[in-house]
Amino acid sequence: MLLRRSSRLIKPHIGLYSTVVEPKLNVDEFRTIEDNPVNHSKQHIGKYYKIDDGLKRKLFSQGGLPKKYEKQIKTFNEACLMVRPQAIEIMEYINRTDFSKPVVRYLLYGERGAGKTMTMAHLAHYGHENGFCLVHVPYAPDWYKRPKEFGPSATHEGMVDLPLDAASWLIHFKSQNNDLLTKSEVGISKTYDWSKREQTTAGSKLIELVDHGINRAKYASDVIAALMDEIKIASTAGKIKTMVLIDGYNSFFNEQTRVFSDTRKKHPVTPDKVTLTQPFINITNFDWCNGVCVLSVDIFGMLGWERESYLPRYLLGKEGFEHLDPFVPIKMDKYDERQFDSCISYYVNRKWIQNTAQGFDKELKFLSNSNPYKLMELCNSV
Amino acid sequence: MLLKSTLKLLNNPVNRLLINRINSFNYGTVTSSINLDFLKRDKTSKAMKAYLERAQQHDEFMKTQNEEFKIGKRHLANMMGEDPVIYEDQEKIDEAISYLMPSALYDKRARPMMKPPEKIFPERKAAEFDETGRAHHFLFYTSKPNFFQLLYDAVEHLNGLNKFEDNMTRQQKSVDPALRLELSGSEWINQDQLELKLVENIQPVEYRYFVNVMNRLIEHPYSFRVKDFIDIYRRPLMNQTIILDIPKPHIDKDGKSFITVYECLRKKARGDVTVRFPGSGKILINGQDVTYFEYDQSREQILFPLIFTEMLDKVDIEANVEGGGPSGQAGAIRWGIAMGLRSFVDADVVEKMRYAGLLQRDYRRRERKKPGQEGARRKFTWKKR
């Protein structure tokens with residue numbers, strides 16, 4: 001309060017509005033020069049690492065980073081992520097995993113703005129560097145809450161199709177795994193007949209399947225179902241290793257959606273009536289190996305009235321919980337002392353916080369309660 | 001014939017005097033033999049007579065009222081099942097009345113009460129003239145004798161002081177500055193109070209006369225000599241620096257000192273706040289941390305006293321609050337924290353807190369909606385037809 005109001009009184013000095021700072025030779029304490037998440041370990045916790053611009057475009061151009069964070073990245077002129085202990089924890093588990101066993105499901109949960117999505121992004125980067133095939137859903141609730149287009153499915157009686165959402169997810173999948181898909185010789189196991197004239201023959205590459213979905217949005221949902229099956233088969237066979245990252249996983253088990261079975265928007269359907277749901281529930285099943293699933297449950301994935309708790313059992317419901325069980329729950333906490341200090345010094349370094357009157361950090365800590373998202377919001381005006 | 005003319009003569013008050021004198025000389029004439037008793041009765045003027053009647057009535061009335069009050073007190077003691085002796089105390093009576101006849105009327109004067117009759121029936125001016133109709137007071141014919149007496153006294157004092165000053169100058173003595181009147185903490189009584197004091201109605205212009213002459217009096221270097229006279233007409237200014245008694249902290253079993261502030265009120269929120277010292281800046285509101293409040297505004301409200309006293313990470317706060325909305329609850333907690341923190345900071349910080357308005361209860365409540373209006377103040381959109 002005191003900070004915010006006095007921030008208008010800051011003396012206009014040079015470069016007030018410029019957030020670009022000159023590159024320094026010595027590395028600040030809050031940064032790490034280790035840009036490869038594969039090498040991240042406990043000593044990097046709380047430090048920021050930079051994602052290369054090209055790589056960022058490749059991994060997250062279709063989503064994956066929160067919109068407000070994207071905006072901040074633009075302002076700061078660099079994409080920096082903080083290494084959170086939960087990400088390190090999951091990485092350590094993955095490094096020690098025996099991939100011949102059924103897939104392990106990790107479930108991130110926590111309050112709003114605790115950093116679930118950012119940790120997912122960090123892990124996506126890690127998976128990409130580690131040679132995993134990424135099955136990354138940036139934010140599943142978008143499909144059910146803000147569908148771009150819906151219509152009855154051609155292939156499944158009584159189901160609803162989200163052709164545009166499915167196609168754009170395929171584009172996302174392709175841009176994330178382009179290198180891997182073009183290089184690898186993984187062929188598909190059977191022939192898929194889409195229509196009288198269109199078919200994808202057995203043995204053709206996975207990328208052909210993906211391309212078909214992108215070009216013919218009508219079949220995108222079916223392509224995704226086929227793709228998930230193929231990925232499972234290929235992974236189990238040991239041809240590829242796969243990392244499944246789904247943000248807002250609980251939306252697959254919601255009681256209702258804003259997808260309608262009719263054009264007059266009278267009858268909303270349940271998620272299991274949407275063709276996109278089944279493939280992703282399928283790939284998070286334990287009946288395959290050589291892969292890893294990192295899922296997250298988000299309270300804002302629910303429709304407005306059911307937001308009492310952020311705990312997995314409440315958000316997933318009985319069905320979802322039983323589907324995932326057993327899984328490794330990982331709680332996203334708020335910033336601890338070190339991470340908070342690191343975040344503040346990063347903002348000061350970026351000149352995002354300019355009013356560093358005595359005790360400003362304590363004040364911010366109290367107001368934000370060390371919640372990363374809240375802190376970011378508060379600092380916008382400081 | 002003679003009698004008639006004599007009577008005529010006697011009715012004239014000037015002649016009556018004359019006749020009295022004639023009587024005393026006792027000339028033994030015919031006139032002396034006339035019985036003048038009826039004249040004696042007539043001596044009291046009509047005004048005096050009316051006054052005497054009224055006074056008598058009033059006295060009787062007050063007497064019965066006093067009797068009733070006495071009996072009433074005994075009844076009250078009976079009803080409350082207590083010793084009548086303690087019902088001599090007015091406080092006890094008030095207590096009993098508010099217990100027996102509870103009233104929620106806003107104006108306290110409108111609530112049932114039982115007080116000595118002297119307090120309820122206004123005082124009357126005593127007779128200002130004697131039985132012969134002659135005024136006691138030399139300023140009676142100004143119609144405001146008490147007021148003009150006051151002005152007269154003031155000028156009299158002023159003259160006396162002037163005289164004294166002249167004497168002192170002659171003796172080449174100066175005023176001791178330490179003796180000067182200290183009047184910064186008081187002011188002249190207002191017109192209403194003056195009227196009550198004088199038992200006379202005065203005009204605003206007359207009140208101004210009073211203030212002017214009194215001001216001239218206190219400006220006099222030797223005004224301390226008439227301090228008693230001045231003090232009658234002054235009242236103390238509202239004492240701004242009321243030192244609220246700051247409670248001493250209790251010690252809990254961990255050796256930490258703590259203060260609990262009960263009845264933290266704001267709008268419709270009610271709560272209590274416990275401040276523990278030394279602490280580490282933890283805060284618990286209804287068992288939850290500061291995320292209990294979703295809005296920044298509410299969190300800032302709680303933060304304010306802590307930042308202001310620089311005690312943010314030196315105390316722990318526990319608050320229970322219910323009723324009202326977020327801003328009311330935050331305001332209640334803010335007040336509770338500020339009141340609790342007084343015990344752990346210096347006196348001058350407490351004074352600063354008072355200046356900042358932290359220790360002031362916010363009595364504002366929701367204003368009711370009025371019929372014929374859209375809200376409390378807002379009117380419906382005006383439409384020509």
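Is B:Lys267 buried, partly exposed or exposed? I looked this up first. B:Lys267 is partly exposed, with a relative accessible area of 40%. Buried means under 20% relative accessible area, exposed means over 50%, and partly exposed lies in between (1.4 Å probe, protein chains only).

**Ground rules**

I am working on a predicted model, where local features need pLDDT of at least 70, side-chain atom pairs count only at pLDDT 80 or more, and totals for chains, interfaces and linings use all residues. Residues are numbered from 1 along each chain as its sequence is written, chains are lettered from A and ligands numbered from 1 in the order in which they are written, and side-chain values use heavy atoms, with hydrogens and water left out.

I noted a general point before looking. Most residues other than glycine have a negative phi, and most peptide bonds are trans.

I went back to B:Lys267. Its phi is near 50°, a positive value in a residue other than glycine. B:Lys267 sits in the loop between β4 (257-266) and β5 of chain B. Helices (H or I, at least four residues) and strands (E, at least two) are DSSP runs, numbered from the N terminus.

Then I checked A:Asn369. This residue is not a glycine, yet its phi is positive, about 55°. I found A:Asn369 in the loop between α13 (360-368) and α14 (372-379) of chain A. A:Asn369 counts as buried, at 13% relative accessibility.

Next came the cis peptide bonds. One joins A:Asp325 and A:Pro326, with omega about 0°. A:Pro326 lies in the loop between α11 (312-324) and β11 (328-332) of chain A. Another cis bond runs from B:Phe277 to B:Pro278, with omega near -5°. B:Pro278 is in the loop between β5 (269-277) and β6 (283-285) of chain B.

**Entry: chain A as a whole**

I counted 14 helices and eleven strands in chain A. Of its 382 residues, 53% are buried. Contact means heavy atoms within 4.5 Å. Among contacts in chain A between residues at least 6 apart in sequence, 74% join residues at least 24 apart.

**Entry: the cores**

A nonpolar core is a set of buried Ala, Val, Leu, Ile, Met, Phe, Trp, Tyr and Cys residues joined through side-chain atoms within 4.5 Å. Which residues touch the most other members of the largest core? I listed A:Tyr48, A:Tyr347, A:Leu364, A:Phe366 and B:Ile333, out of 92 residues. Helix α12 (residues 326-341) of chain B gives the most to this core, with eight residues.

Leaving out residues up to four places away in sequence, A:Phe366 touches B:Ile283, B:Val290, B:Arg299, B:Ile302, B:Leu303, B:Leu306 and B:Leu312. A second, separate core has 57 residues, including A:Leu107 and A:Tyr219.

**Entry: where the chains meet**

How many residues of each chain are in contact with the other? I found 15 in chain B and 13 in chain A. The area buried between them is about 1300 Å², and carbon and sulfur atoms give 63% of that. Buried area is the accessible area (1.4 Å probe) that two parts lose on being put together, summed over both.

The rule finds three salt bridges across this interface. A salt bridge is a side-chain nitrogen of Lys or Arg within 4 Å of a carboxyl oxygen of Asp or Glu. I checked B:Asp296 with A:Lys374, which form a salt bridge whose closest N and O atoms are 2.7 Å apart.
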